[in-house]
Structures are given as C-alpha cells and as structure tokens.
Amino acid sequence: MKSFSIQDINAIINGEIVGESTNAITGLEQIEKANPHQATFIGSRKFENLWKDSNASLAIINDNIDLEPGENKAFIKVKNADLAMAKLLEAFAPEAPHFEVAIHPSATVDASATLGEGTKVGAGAYIGKNVVLGAHVTVYPNVTILDDTTIGDHTVIWSGTVIRERSEIGHYCIFHNNVSIGADGFGYRPSDDGRSLVKIPHIGNVVIGNAVEIGANSCVDRGKFSSTIIGDGCKIDNLVQIAHNCVLGRSCIMAGSSGLAGSVTLGDGVIIGGSASIKDHTTIHSAATVGAGSGVMNDVPAGKTVLGYPAVDSREMLKQWVALRKLAR
Amino acid sequence: MKSFSIQDINAIINGEIVGESTNAITGLEQIEKANPHQATFIGSRKFENLWKDSNASLAIINDNIDLEPGENKAFIKVKNADLAMAKLLEAFAPEAPHFEVAIHPSATVDASATLGEGTKVGAGAYIGKNVVLGAHVTVYPNVTILDDTTIGDHTVIWSGTVIRERSEIGHYCIFHNNVSIGADGFGYRPSDDGRSLVKIPHIGNVVIGNAVEIGANSCVDRGKFSSTIIGDGCKIDNLVQIAHNCVLGRSCIMAGSSGLAGSVTLGDGVIIGGSASIKDHTTIHSAATVGAGSGVMNDVPAGKTVLGYPAVDSREMLKQWVALRKLAR
Amino acid sequence: MKSFSIQDINAIINGEIVGESTNAITGLEQIEKANPHQATFIGSRKFENLWKDSNASLAIINDNIDLEPGENKAFIKVKNADLAMAKLLEAFAPEAPHFEVAIHPSATVDASATLGEGTKVGAGAYIGKNVVLGAHVTVYPNVTILDDTTIGDHTVIWSGTVIRERSEIGHYCIFHNNVSIGADGFGYRPSDDGRSLVKIPHIGNVVIGNAVEIGANSCVDRGKFSSTIIGDGCKIDNLVQIAHNCVLGRSCIMAGSSGLAGSVTLGDGVIIGGSASIKDHTTIHSAATVGAGSGVMNDVPAGKTVLGYPAVDSREMLKQWVALRKLAR
C-alpha cells in the first residue's frame with residue numbers, strides 16, 4: 001500500500017497547506033466515507049457540513065472556499081480541487097497488471113508482425129500478419145488484432161477487444177474490454193427482384209488518432225469506402241455505437257450507450273450525452289452539446305445545446321416539457 | 001432425453017393430480033405448440049380455449065381456475081403455476097457444458113492463483129496473479145480474470161467475459177458471455193490550458209454480492225475511489241451499463257439496454273425497465289420502478305413508479321400522453 | 001492493389017459507357033474525396049455541382065440523370081447506381097484475413113466435433129463436444145462455440161463471438177466481433193416468501209436461418225422452452241438486444257442499439273430503427289417500420305410505420321410534435 005505525508009501530497013499538487021496533521025495518507029475517499037488515513041476533496045461550499053462530520057484528516061479544497069480545517073486536521077488549498085484529485089489518483093494508483101515476458105508463450109504472433117521495444121502481448125492474444133505494434137504497447141490476454149493493423153506507441157488494449165484488419169490506431173490510446181474496431185458497416189440494398197437484401201461490402205477501414213479512449217463493449221465500424229475516423233483526444237464511454245464512415249473531430253466526448261448512425265460528422269469538442277442517438281448523415285458542429293437521451297434528426301450548429309426527442313434547442317425543449325405538464329393538469 | 005411420468009412430475013411440484021394420462025413427459029412447451037409428450041402451463045382463464053385445442057397431455061394449472069382436463073389428459077393443480085414452471089424447467093434442464101479436467105491444458109493459470117475444490121477452468125482462459133477462485137467455480141473457455149480478483153463458490157463465468165484486477169465477487173453469481181467487470185470509469189477534466197482532456201484515474205474496484213446475475217455484453221465499471229457495488233440478488237440483463245461508483249441495493253432488476261450514469265444509487269428491490277437511463281448522482285429509492293424507455297433526471301421516492309422522458313410519476317406521464325394526443329387532433 | 005480499366009468495370013456492372021478516360025481505376029471513393037484513379041457514384045441530380053469539381057475520372061451514374069461526363073472523364077450509366085456500387089465494392093474488396101492451416105495449433109477442437117471441407121478454425125478458438133461445422137466455415141481467432149451447436153456452410157464467425165450450447169445456425173451467416181448467441185433469457189419469479197428472486201431456467205435454444213448477419217456486440221438469448229428464432233436473411237446491426245423467445249420472420253432489419261424484449265414477434269421484412277425498443281409479447285406485423293428512437297408498447301399492423309415514445313402512427317406523431325412546439329410558444 002502506498003503511503004504519503006501531507007508534505008508529500010503537497011509536492012504533487014503544489015497548493016498551500018493550512019492546519020496540521022501527522023497522519024500518513026494511504027488512500028483517497030469521498031468525504032462521508034473517508035477514514036483518518038484518507039484524503040478527501042472539497043470543491044464547493046455545500047460540503048461544509050459534511051466536513052465537520054468527516055473522519056478524514058486531510059482535505060484538498062478550492063482556495064476560494066472560506067473554511068477552516070479544524071483541530072488536528074489539514075487542508076491543502078488549490079485553485080482546482082478536481083484537477084488536483086486527478087493528479088493524486090494517479091499518484092495513489094496501484095500498478096496495472098503486468099507481464100514478465102514480452103510475448104506470452106500461449107499468444108500467437110504471426111512471423112510477419114513487428115513489435116516495438118517494451119511491447120507486451122498477453123496470454124491467448126492473437127497478432128495477425130503484418131501487424132505493426134509500436135513501442136511500449138500493452139496487449140492484455142485474449143485480445144485479437146487482425147492483419148495489416150498498425151498501433152502507435154504506449155497504447156493499451158484490454159482483454160477481449162477485437163481489432164479487424166487494416167485499422168490504423170495512434171499513440172497513447174486506451175481500448176477497454178471487449179471493444180470492437182473495424183467490423184463491417186451495416187448496409188444493404190434490396191436485390192433486383194426486391195425479394196431479399198444485398199450486402200454492401202465495406203472495404204474501408206478505421207483510423208483512430210492519438211490519446212483516444214474507447215469504453216468497454218463499444219463498437220467502431222469500418223468505412224464503406226475510405227475510413228471511419230476518430231480524432232485525437234476523443235473519449236468514448238461503454239456500449240457506444242459509432243457506425244461506418246462517421247468522422248469525429250478532436251476531443252469529442254460520447255457518454256455511455258450513445259450512438260451515431262452512418263456518416264455522422266462531429267466537429268471538435270462535441271459532447272454527446274448518455275443514451276443519445278444521432279441520425280445518419282447528420283453534422284454536429286464544434287463545441288455543440290447533445291443532452292442525455294436525445295434523438296437528433298437535424299444538424300446542430302456550433303456551440304449550441306440540443307435536447308429531447310426529437311432534439312431541439314435545449315431552452316425550447318424545456319419550455320415544451322413545462323407546457324405539456326401544464327396542459328395535462 | 002429426460003423422461004418423467006406425471007407422478008414423477010408431481011413429486012417435484014407437490015400439487016394435486018386431476019384426470020389421467022399415461023404418456024411419458026419428455027419436455028415443456030407453450031400451450032399452442034405442445035405435443036402429447038410435453039407438459040404445458042395454464043396460469044389464467046384466458047388459456048381455456050387454447051387448452052381445448054392443445055395436443056399436450058398434461059397441464060400445470062393454477063388451482064383457482066375452474067377447468068377440467070378432458071379425456072386422457074391430466075392437470076396438476078398448484079398454487080402458483082409460474083413457480084412450478086421454474087421448478088420443472090430446472091428438472092428438465094439438460095446438463096450445462098462441462099469439462100473432464102480441472103484446468104484445460106491451453107488455459108493459463110498463474111502460479112500464485114488459488115482454486116477451490118471442484119473448480120474448472122476452460123480452454124484459453126486466463127487467471128492472473130493472486131486470483132482466488134472458490135469451490136465449484138466454472139470458468140468457461142476464453143474468459144479473462146486479472147490479478148488479485150476473488151470469486152466466491154459456485155459462481156459461473158461464461159465465455160468472453162473479462163474481469164479486471166482487484167474485483168470482489170460473491171457466491172452463486174452467473175456472468176454471461178462477454179461481460180466487462182471493472183473497466184475504468186469514464187471521467188475527464190479539462191486540462192489547465194483548456195485545450196484537452198485529462199483522464200481521471202479510477203483506482204477503486206467492483207464489489208459484487210452473492211447470487212448476482214449479469215447479462216451478456218453488460219458492463220460494470222470500477223470506482224474512482226472505493227467501489228462500484230452491486231448488492232446480493234441483483235439481476236442485470238444484457239447490454240446494461242453500470243457506471244463507476246454506482247451502488248445497487250439487494251435484489252434490484254435492470255432490464256436489457258438500460259443504463260446508470262456515474263454515482264447512481266439504487267435502494268433495495270428497485271426495478272429499471274428496458275432501455276431506461278438514469279442521470280448521474282441520482283438516487284432511486286427502495287421498491288421504486290422506472291418504466292421502460294424512461295430518462296430519469298431526479299431522485300425517485302421509495303415505492304414510486306416513474307415513466308417517460310423526462311420521467312415523472314407514471315400516472316402523470318400517462319395524462320401528459322393523453323393530453324398531447326388530444327391536442328394534436 | 002487491384003486495378004481495373006473502365007471496360008473491366010463495365011463488364012461487372014453491365015451499363016453503358018459515355019465519354020472516355022484511360023485512367024486505371026484502383027479504388028472507389030465519395031465524389032468530393034475521389035482522386036483520378038478512383039471511381040465514384042452519382043445517384044441523384046444533387047451531385048451535379050460536386051461532379052464538376054471532382055477529381056474522379058469515372059462515375060457510375062443513374063441512367064435517368066441528364067449530365068455529361070466532361071473532358072477526359074467517363075460515365076457508366078446504369079439503372080441503379082447503388083446496386084452497381086455494391087457489386088463494385090465486392091470486386092475491389094481486399095481478401096479477408098485467412099489462415100494456411102485448417103485448425104490452428106493453439107485452437108481447441110473437441111474430438112467429437114466434425115468440420116466440413118475447407119472449414120478453418122483460428123488461433124485460440126474453442127469448438128466443444130459434438131459441434132458440427134459445415135463446409136467452408138471460417139472461425140476467426142478467440143471464438144467460442146459450445147457443445148452440440150451446428151453451423152451451416154460458408155458461415156463466417158468473427159473473433160470474440162460466443163455461441164452457447166445447442167444453437168442451430170444456417171448457411172452463409174456472418175456474426176461480427178463479440179456477438180453473444182444463446183445466453184440465458186432474463187426471467188425471474190418472486191420466491192414463495194417474496195424475499196428474493198427465483199431464476200427461471202432457460203432450457204430452449206437459438207435457431208438462426210440462412211444469410212443472417214449479426215452485428216458486433218449484439219445478443220440473442222436462448223428460449224425458455226423451445227427456441228428464439230431468427231428467419232432467413234435478417235440483418236442485425238451492432239449492440240442489438242434480442243431477448244428470449246423472440247421470433248423474427250424473413251429479411252427483417254434491426255438498426256444499431258435497438259432491442260426486443262422477451263417473446264416479441266416480427267413478421268417478414270420488418271424494419272426497426274436505431275435505438276428503438278419493443279415491449280415484451282408485442283407483435284410487429286410484416287413490412288411494418290418502427291422509427292428510430294421509438295418505444296413500441298402495442299402491436300403494429302402490417303405495413304404501418306410507427307414513431308415516437310410511446311410509438312403511434314408516424315403521421316400522428318409528427319402532428320403531436322408540431323402541436324407541442326406551437327403550444328410552447
């Protein structure tokens with residue numbers, strides 16, 4: 001177990017210590033549950049009463065909050081307690097599972113694949129023909145990476161994930177359990193006689209930038225022609241569907257169980273709420289937000305927030321909800 | 001194929017035999033499809049006409065239904081035909097796939113892992129460092145269980161499931177295919193310069209009680225600090241998302257494709273309908289019900305039923321729906 | 001890289017060449033992105049201006065569009081550019097990943113399983129007892145197929161997919177990554193004392209016809225008794241839930257993230273939009289359409305289109321949406 005003094009902790013987050021406690025800090029916890037060896041976080045005044053009753057001996061607190069630590073307790077005052085929390089979580093993080101050998105004997109790595117320095121391949125993983133893994137890539141057990149895929153340095157691929165052939169993946173990505181990358185897009189045409197459906201082959205691929213995170217059991221389908229593209233820094237939650245030929249800009253966020261139909265375009269910094277879904281061939285422009293549970297059927301201008309099903313400007317949707325409630329009375 | 005006499009069947013469900021049939025019963029089937037060697041179930045009067053035309057020679061019937069079996073046919077009258085059905089399904093269930101050896105030679109079990117008596121590990125499965133599997137645990141092929149996880153007795157883990165490090169799982173659980181347990185929660189903060197997103201490490205874990213069932217391709221993320229907790233007896237369907245730091249009480253039900261955002265609390269016996277989603281930091285109190293397809297944005301009091309998007313009291317939502325239909329005419 | 005002359009291409013799609021270009025065609029691309037060695041497609045007049053600026057030297061164009069190719073450029077006029085596109089995508093498709101040996105040495109194939117001519121089993125795959133794989137079946141790495149399952153000729157099963165025991169699967173099916181077939185249905189009854197939930201065993205199976213495609217991370221649960229049935233030619237997208245005892249007719253389409261609760265019946269040619277969900281025991285009759293995002297709570301007559309939550313006739317729902325917008329002003 002890791003253990004830090006309050007001074008050690010302040011060396012990480014560069015704040016100002018107020019009050020005094022000699023307790024070693026061995027973990028982080030929310031304010032109601034913390035014990036005397038855990039630090040907690042105070043990001044707003046509403047935590048004031050909880051602090052009085054908390055057993056924590058240390059709180060990281062926003063410096064614009066006027067509060068005293070109390071006896072035998074300490075604060076570290078910082079500009080942004082949330083960012084400090086992220087740094088401390090990193091400091092306290094236990095080491096991820098690791099492997100002593102580069103390639104586990106039960107893994108299958110094709111002779112034509114190339115692996116960079118420090119790259120590890122876990123038990124039962126499959127690395128296909130001409131796959132190129134950069135340096136310090138971690139492939140956890142039972143991952144499948146098919147032919148001609150390239151993966152950048154420091155990318156981490158958790159167990160059960162499947163990456164289909166010809167995918168191009170950047171540096172410092174994280175793919176969680178059971179992700180699917182590069183499955184065929186969903187497209188059919190009625191046959192000439194109208195009696196059945198003709199599969200449209202999807203001969204494109206998936207191109208994923210740097211520092212992209214994709215949640216467990218999420219799917220990114222390959223393009224029909226050319227590529228489905230996910231820009232640098234995008235963060236995708238669990239059980240998200242990204243269909244063929246979608247193009248996501250930089251640093252987009254898609255929360256859990258949301259989905260994009262085919263050929264949707266997201267600008268930069270778009271936020272898609274949980275369980276929201278977007279119609280095919282729609283464009284959500286940069287810095288727009290789609291509220292949770294929304295169903296978007298039209299383009300969304302830059303910076304705008306839409307909400308509801310069908311989604312409209314969020315203030316208008318709130319008015320609709322109020323009006324309907326009144327009407328029902 | 002298993003074969004039972006009507007007397008054998010009554011020994012299992014402890015009812016009262018009415019009428020007579022000497023047919024051996026080799027299976028169970030719904031009333032319209034049953035053949036003379038299958039038993040069927042009559043739980044309400046509306047099945048009366050179907051029974052006349054049914055080829056089944058035996059029906060299990062609620063004892064408050066006034067009906068005669070007819071010539072060469074038999075009833076077994078019971079208090080609750082649904083519970084009797086559950087017992088008979090168990091009696092007729094074919095044996096699950098099983099393995100002759102404890103650890104399949106193609107599985108990888110770390111030398112530091114411990115396995116209880118009667119525990120089986122299938123082909124291609126991976127059991128990491130310091131993992132503790134109780135007695136009579138079944139790990140089907142191609143499961144991945146990472147370091148320091150503990151799993152209780154008689155738990156069954158179907159193929160493709162991935163359990164991340166430090167998970168704690170109880171007795172008699174069932175995890176279906178391709179479940180993800182313990183992936184990182186979804187949390188980011190804007191960087192100091194506001195130009196990118198900083199990942200918030202999730203250093204907690206997942207704690208799952210006894211007799212919990214989790215459906216295929218569902219996800220339970222690990223906590224940011226401390227744990228995401230699923231109480232004893234919870235039943236989770238397929239493609240369900242349970243985000244970081246959710247806490248579920250005892251015997252909650254979540255139907256298919258539903259989802260909880262981060263830090264949602266469910267009391268005991270909460271029922272979440274299919275495709276419903278719950279906003280982060282919301283509490284659904286004990287014995288409350290969320291209707292299918294709902295989007296819940298506020299706490300729900302104990303015992304209440306909410307419905308719709310945004311969800312309100314279900315009677316109020318039904319009124320809103322009626323009012324809107326009238327308005328449109 | 002494959003390379004075709006314009007004459008080669010016309011031999012595939014049987015159209016009429018207009019204009020002239022000697023460029024070799026090595027790929028297909030959408031009109032704005034195409035280079036001089038790529039062919040593109042013009043399915044409606046709205047592409048007219050884009051064609052003027054396109055670098056493509058060949059377009060496949062619907063023969064009812066009155067447009068000239070221009071200098072050093074060619075058209076191939078066809079009745080249906082979309083069908084021609086499907087044929088050309090097939091012609092240009094790179095070969096799928098393939099394996100030199102029938103059974104990879106790291107795969108586990110039970111001695112009692114039988115494999116047809118030309119069938120391949122990839123690394124780390126598991127084929128259980130009495131499994132019957134037809135001819136020319138492709139099982140990609142890390143697939144799991146449990147006991148007594150039968151799979152028809154030419155079916156392709158991508159990595160991570162799990163098929164539970166006693167499934168029956170037809171010819172020419174495609175199952176994408178991480179599909180779950182045959183997990184237990186979701187059914188419980190309150191125990192006699194009302195204090196917990198009794199699992200209802202699901203002793204049926206899954207029966208899937210010919211030419212069925214199932215998307216990545218989708219689930220089809222086994223029946224309680226008898227079977228969950230998916231008819232010939234059904235096309236299922238990613239992250240779709242099909243619960244126990246559903247029965248789908250021929251050539252149904254279910255788009256991404258949609259779901260059917262238990263015992264839903266779809267006729268032939270039913271279309272379910274993305275993220276739509278259907279209540280248990282509902283019937284959607286043949287050729288009906290459910291709009292994206294809808295929540296269906298009642299049977300839908302043949303040929304009808306329903307929309308919204310709760311879903312009603314689509315024209316009525318559009319009126320409701322208009323009425324609510326007006327009301328809010």
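# Questions on a predicted model

User: Of the contacts in chain A with a separation of 6 or more, what share comes from residues 24 or more positions apart?
Analyst: This is a predicted model, so the value is computed from predicted atoms. Take the contacts in chain A with a separation of 6 or more. The share from residues 24 or more positions apart is 19%.

User: How many helices and strands does chain A have?
Analyst: Chain A holds both kinds of element. Its C-alpha trace spans about 80 × 70 × 30 Å along the principal axes. The count is four helices and 37 strands.

User: What percentage of the 329 residues in chain A is buried?
Analyst: A residue counts as buried under 20% relative accessible area. Chain A still exposes about 12,500 Å², with 51% of that from carbon and sulfur atoms. Of its 329 residues, the buried share is 60%.

User: What distance separates the centres of domain 1 and domain 2 of chain A?
Analyst: The domain assignment puts domain 1 at 6-92 and domain 2 at 161-316. The centres are taken over C-alpha atoms. They lie apart by 39 Å.

User: Which axis relates chain A to chain B?
Analyst: Superposing chain A on chain B takes a rotation of 120 degrees, with 0.0 Å of shift along the axis and an RMSD of 0.1 Å. That relation is the one given by a three-fold axis.

User: What percentage of the contact residues of chain A recurs in chain C?
Analyst: Chain A also superposes on chain C by a rotation of 120 degrees, with 0.0 Å of shift and an RMSD of 0.1 Å. Yet the copies use different surfaces. The recurring share of the contact residues of chain A is 15%.

User: Which residue in S27(A) stands opposite A:Ile230?
Analyst: Start at strand S21 (residues 205-208) of chain A, which runs parallel to strand S24 (residues 227-230) over four bridges. There A:Ile208 has A:Ile230 as its bridge partner. S24(A) is joined in turn by two bridges to the parallel strand S27 (residues 247-248). In S27(A), the residue opposite A:Ile230 is A:Leu248.

User: Which residue in S27(C) stands opposite C:Ile229?
Analyst: In chain C, strands S21 (residues 205-208) and S24 (residues 227-230) pair in the parallel sense over four bridges. One of the partner pairs is C:Val206 with C:Thr228. Two further bridges join S24(C) to the parallel strand S27 (residues 247-248). Opposite C:Ile229 stands C:Val247.

User: Which are the edge strands of the open sheet of eleven strands in chain B?
Analyst: The order is S8-S11-S14-S17-S22-S25-S28-S31-S34-S36-S37, with mixed pairing. Within it, S14 (residues 156-157) and S17 (residues 174-175) pair in the parallel sense over two bridges, and B:Ile157 stands opposite B:Phe175. An edge strand pairs on one side only. Those strands are S8 (120-121) and S37 (312-313) of chain B.

User: Where is A:Pro310 placed?
Analyst: The peptide bond from A:Tyr309 to A:Pro310 is cis, with omega near 0 degrees. Chain C has a cis bond between C:Tyr309 and C:Pro310 too. A:Pro310 sits in the loop between strand S36 (305-307) and strand S37 (312-313) of chain A.

User: Is B:Asn14 buried or exposed?
Analyst: B:Asn14 lies in the loop between helix H1 (6-13) and strand S1 (16-19) of chain B. Its phi is near 55 degrees, a positive value in a residue other than glycine. The exposed class begins over 50%. At 67% relative accessibility, B:Asn14 is therefore exposed.

User: How does C:Ser275 count by relative accessibility, and what is its class?
Analyst: C:Ser275 is in the loop between strand S31 (271-272) and strand S32 (277-278) of chain C. Its phi is near 65 degrees, positive in a residue other than glycine. Its relative accessibility is 26%, so C:Ser275 counts as partly exposed.

Definitions and conventions
Residues are numbered from 1 along each chain as its sequence is written. Chains are lettered from A and ligands numbered from 1 in the order in which they are written. This is a predicted model: local features need pLDDT of at least 70, side-chain atom pairs count only at pLDDT 80 or more; totals for chains, interfaces and linings use all residues. Side-chain values use heavy atoms; hydrogens and water are left out. Two strands pair if DSSP finds at least two bridges between them. Domain bounds come from an automatic or database domain assignment. Copies are superposed by least squares on the C-alpha atoms of residues with pLDDT of at least 70 in both. Buried means under 20% relative accessible area, exposed over 50%, partly exposed in between (1.4 Å probe, protein chains only). Contact means heavy atoms within 4.5 Å. Accessible areas come from the Shrake-Rupley method with a 1.4 Å probe; for residues, only the protein chains shown count as cover.
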